[in-house]
Amino acid sequence: MSDTDLLFTSAVKAAALIRSKTLSPVEYVDAVLKAVDRAQPKLNCFRVVMAEEARRDAKAAEDAVMRGEALGPLHGVPVSIKDLVDVKGVPTRHGSAIFADNPPAAADDILVKRLRDAGAIILGKATSPEFGVKGLTDGPEFGITRNPWNLERTPGGSSGGGAAAVAAGLGPLSLGTDGAGSVRGPASCSGLVGLKPTLGTVPYDTARDAFANNIFAGPLARTIIDAAVMHAAMMGPSEKDPWSLGATPRPLSPKLSGEDLSGVRIGYIERMANPRVAADVRTNTRACLAAWEAMGAAVEEVADPIDWIEYEGRVLYQAGFAVTCAQYLPKWQNQMDPVTLAFMERGARFTLADFRNAQFARTVLFRKIQTLFERCDFIVSPTNARTALDVTHDAANDDVIIDGVKCGITRQGWTSYQYPFNLTGHPALAVPSGFGDDHMPTSVQIVGKWAHETDVLRLGALLEAARPWAQHRPEKFAL
């Protein structure tokens, strides 16, 4: 197999080749690191490349194979980690000049440890905008991360570095975090699968407010099975995450066990808080619905009036940054991302009553979605309202343009489908749906019942089989 084919081999296939001694982990990691060296100047998707450590771990992985040891499901597979998550021995900079000189982390985050236990080799830290604040990946501290499908477009954010890396073949997997769509948005922009799990299924030990948490960790991958295997490796309780202590993932629903979806009901929502959806995104989303209908699923367009709490979500989001980042302003204001500062300024204007009413609205939305799931097995929508934005887009001030019409800033006009399910906690999966008129990827979002990730992944896998995607590569981006 050529190096290029190897770079776009799925994680599960690479792990199988390693187990069978057909593929050397040392040669595999070396091929990926060489590709990183070539791609990084164009993409700027890594904040730290852990070349020495990755080669060391690859040699240890190869030795384990030769000794006949028990091997994990990701043995020898390189994985990148978003720069909001601790990796032992390297700094966590949070995409911010404030932490540019952070000391190396003393220990791995629990999820990094679980990935290592599954055999994964940590390749490096992928870029994130400051504190994961926006749906693009750029900032004063590290520059602009670019999309391998078109270098003038963003790979999305805030897990954009990992998305760009996986899309370009720089490791088949990346660990992202999703506080308002930050796994699903980059997956949509970059032609990937991205999973936001149910609240508590995968622990999030670093949440500032564990009990009101709406931040999740999930995989970015090129295939459903890769995402599923990585997700499974990270599941399980943690003593530091109260939601994880009671999490009980549900088994696959029997009616999804085959390819006949005659008993499956899909509720389609074409728009949420966003005023428009691009014609090409709509066309590709409806093609996905037609594929499920061809398998027997019943598709119903949801006409229920639903308050998607765009305003209240904004209160929670911006007020959170206003409070948590206020301590940095006296020293660091001139070196912070203007988008962070703008969101902080807006968040500081909200009152305590605004904040509490927003929390109450979150509960109302959760119960509305629970009611909808009484008649639907899944909710399906686009993932983004249009394809990837230009890298120069100002997330705090610029209108998102869809079919020539101004639609508000990013979360109002572009990523509106994502944040509601951070607030409700339901599992949500982004799956490629095709290409837009501009030859950029589009995506469909599958939302499932609480703790039913397996069902969501299964419905995505059936779509992937009917409308294959992973064979596509960003050919204009030359490795």
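K21 is exposed, with a relative accessible area of 52%; exposed denotes over 50% relative accessible area, buried under 20% and partly exposed the range in between, computed with a 1.4 Å probe on protein chains only. The residue K21 occupies the loop between α2 (11-19) and α3 (25-43), where helices (H or I, at least four residues) and strands (E, at least two) are DSSP runs numbered from the N terminus. Although K21 is not a glycine, its phi is positive, at about 65°.

The model is predicted: local features need pLDDT of at least 70, side-chain atom pairs count only at pLDDT 80 or more, and totals for chains, interfaces and linings use all residues. Residues are numbered from 1 along each chain as its sequence is written, and side-chain values use heavy atoms, with hydrogens and water left out.

**Backbone features in loops**

A positive phi also occurs at A451, a residue other than glycine, with a value near 70°. A451 is found in the loop between β15 (441-448) and α17. At 4% relative accessibility, A451 counts as buried, whereas K21 is exposed.

The loop between β5 (143-144) and α6 (160-167) contains S158. The peptide bond leading from G157 to S158 is cis, with omega near 10°. P148 is found in the loop between β5 and α6 as well, and P148 counts as buried at 2% relative accessibility. Between P148 and S24 there are 124 residues in sequence and 27 Å in space, taken from C-alpha to C-alpha.

**Aromatic pairs and charges over rings**

Twelve aromatic pairs are present in the structure. Rings of Phe, Tyr and Trp (its six-membered ring) form a pair if their centres lie within 6.5 Å; planes under 30 degrees apart count as stacked, over 60 as edge-to-face and the rest as tilted. One of these pairs, F131 with Y328, is stacked, at 5.9 Å centre to centre and 15° between the planes. This pair links distant parts of the chain, 197 residues apart: F131 is in the loop between β3 (121-126) and β4 (138-139), and Y328 is in the loop between α11 (310-324) and α12 (329-332). Both partners are buried, F131 with a relative accessible area of 17% and Y328 with 13%.

A second pair, Y317 with F321, is edge-to-face, because the ring centres lie 5.1 Å apart and the planes stand at 70°. Y317 and F321 are four residues apart in helix α11, so about one helical turn separates them. Y317, F321, F343 and Y419 form one aromatic cluster.

Charged side chains also lie against aromatic faces. A charge is taken to sit over a ring if NZ of Lys or CZ of Arg is within 6 Å of the ring centre and within 35 degrees of the ring normal. The charged end of R411 sits over the ring of Y317, 4.5 Å from its centre. K196 lies over the face of F216, at 3.7 Å from the ring centre.

Helix α11 also contains Q318. Contact means heavy atoms within 4.5 Å; leaving aside neighbours within four places in sequence, Q318 is in contact with F343, R346, G347 and F350.

| Residue | State | Relative accessible area |
|---|---|---|
| Y317 | buried | 11% |
| F321 | buried | 11% |
| Q318 | buried | 2% |
| C189 | buried | 1% |
| C325 | buried | 2% |

**Cysteines**

A disulfide is a covalent bond between the sulfur atoms of two cysteines. With a disulfide defined as a pair of cysteine sulfur atoms within 2.5 Å, a search of the whole structure finds zero. C189 takes part in no disulfide; the nearest cysteine sulfur, belonging to C45, is 15 Å away.

**Crossing of α10 and α17**

Helix α10 (residues 279-294) and helix α17 (residues 453-466) have axes that come within 10 Å and cross at roughly 100°. Such axes are lines fitted to C-alpha atoms, for helices over the stretch in contact, and the angles run from 0 to 180 degrees between N-to-C directions. The helices α10 and α17 are therefore roughly perpendicular to each other; angles under 35 degrees count as roughly parallel, over 145 as roughly antiparallel, 65 to 115 as roughly perpendicular and the rest as oblique. At this crossing, C288, A291 and W292 in α10 meet L459, L463 and A466 in α17.
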